[in-house]
Amino acid sequence: MEQILFVVFLLQVPASFSDNFLVHDPRQAVLTSPGEGITLRCWLEPGVAADGMYVQWIKYETGQLVLLYTYGVDRPDLQGEAYGGRTELSRGALTRGIISLRLRNVRCSDQGRYTCSVRAETSEDETTVGLKVEALKQQPRFPWHVTPTPGIN
């Protein structure tokens with residue numbers, strides 16, 4: 001009888017730990033320029049499916065909600081006005097534990113740190129990803145063409 005109870009207990013233990021995960025990031029800031037689209041990378045270890053979890057991205061400095069995905073539903077109605085229509089998570093990647101934030105048309109005001117928080121039934125974790133926005137230096141362009149004058153070296 002004791003052996004049967006022990007086997008039943010072992011079968012139940014993994015189910016209670018199945019949602020345990022850690023949230024990871026690449027540990028270096030993303031560099032981009034205004035107007036570009038970028039991805040702030042973030043993923044779960046082990047790569048458990050995140051499509052049934054609570055995923056939230058917040059701009060650390062302001063506390064503004066950038067993106068909210070709650071148990072299969074995007075919530076753009078709750079995100080900060082500055083991010084409206086510019087953010088998304090890859091639905092296909094969520095099933096592999098990838099919870100990276102795609103941000104389109106980057107603005108200088110987007111520069112800062114972004115916290116990615118994930119919550120499931122038995123686990124939660126978060127990490128912070130940096131975004132640096134700089135105008136890229138361009139080579140000077142001259143609108144004229146210089147033609148050598150004959151006889152001058």
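Among contacts in the chain between residues at least 6 apart in sequence, what percentage join residues at least 24 apart? In this predicted model, the share is 56%. The legends below present the chain as a whole and then a series of close-up views.

**Figure 1. Overview of the predicted chain and its secondary structure.** The chain has 153 residues and contains two helices and 11 strands. Read from the N terminus, the elements follow the order α-β-β-β-β-β-β-β-β-α-β-β-β. Of the 153 residues, 34% are buried. The accessible surface of the chain amounts to about 10200 Å², and carbon and sulfur atoms account for 55% of that surface.

**Figure 2. The open sheet of three strands.** The strands are arranged in the order S3-S9-S8, and their pairing is antiparallel. Strand S3 (38–40) and strand S8 (87–88) form the edges; each has a single partner strand, so one side of each has no neighbour in the sheet. Three bridges join S3 to strand S9 (residues 101–103) in the antiparallel sense. Within this pairing, Thr-39 has Arg-102 of S9 as its bridge partner.

**Figure 3. The open sheet of six strands.** Here the order is S2-S11-S10-S5-S6-S7, and the pairing is mixed. The edges are strand S2 (30–32) and strand S7 (73–74); each has a single partner strand, so one side of each is left without a neighbour in the sheet. Strand S5 (residues 54–59) and strand S6 (residues 64–70) are joined by six bridges in the antiparallel sense. In this pairing, Trp-57 stands opposite Leu-67 in S6.

Figure 4. Is Thr-70 buried or exposed? Thr-70 has a relative accessible area of 18%, and because buried means under 20%, this residue counts as buried. When neighbours within four places in sequence are set aside, Thr-70 is in contact with Met-53, Tyr-54 and Arg-75.

Figure 5. The structure holds two aromatic pairs. Tyr-54 belongs to strand S5 and Tyr-71 to the loop between S6 and S7, so the pair ties together parts that are 17 residues apart in sequence. Tyr-54 is buried, at 15% relative accessibility, whereas Tyr-71 is partly exposed, at 48%. Arg-119 also lies over the face of Tyr-54, at 4.0 Å from the ring centre.

**Figure 6. The aromatic pair of Tyr-83 and Tyr-114.** The ring centres of Tyr-83 and Tyr-114 are 6.4 Å apart and their planes are at 85°, so this pair is edge-to-face. The pair links distant parts of the chain, 31 residues apart: Tyr-83 is in the loop between S7 and S8, and Tyr-114 is in strand S10 (residues 112–119). Both Tyr-83 and Tyr-114 are buried.

**Figure 7. The salt bridge between Arg-113 and Glu-61.** Side chains of opposite charge can pair when their charged atoms come close. The structure has seven salt bridges. In the one shown here, the closest N and O atoms of Arg-113 and Glu-61 are 3.4 Å apart. Arg-113 lies in strand S10 and Glu-61 in the loop between S5 and S6, so the pair ties together parts that are 52 residues apart in sequence. Arg-113 is partly exposed, with a relative accessible area of 39%, and Glu-61 is partly exposed, with 42%.

Figure 8. Asp-74 lies in strand S7 and Arg-91 in helix H2 (residues 91–94), so the pair ties together parts that are 17 residues apart in sequence. Asp-74 is partly exposed at 36% relative accessibility, and Arg-91 is partly exposed at 44%. Asp-77 counts as exposed at 53% relative accessibility, whereas Arg-75 is partly exposed, with a relative accessible area of 28%.

Methods
Residues are numbered from 1 along each chain as its sequence is written. This is a predicted model: local features need pLDDT of at least 70, side-chain atom pairs count only at pLDDT 80 or more; totals for chains, interfaces and linings use all residues. Side-chain values use heavy atoms; hydrogens and water are left out. Two strands pair if DSSP finds at least two bridges between them. Helices (H or I, at least four residues) and strands (E, at least two) are DSSP runs, numbered from the N terminus. Buried means under 20% relative accessible area, exposed over 50%, partly exposed in between (1.4 Å probe, protein chains only). Contact means heavy atoms within 4.5 Å. Accessible areas come from the Shrake-Rupley method with a 1.4 Å probe; for residues, only the protein chains shown count as cover. Rings of Phe, Tyr and Trp (its six-membered ring) pair if their centres lie within 6.5 Å; planes under 30 degrees apart count as stacked, over 60 as edge-to-face and the rest as tilted. A charge sits over a ring if NZ of Lys or CZ of Arg is within 6 Å of the ring centre and within 35 degrees of the ring normal. A salt bridge is a side-chain nitrogen of Lys or Arg within 4 Å of a carboxyl oxygen of Asp or Glu.
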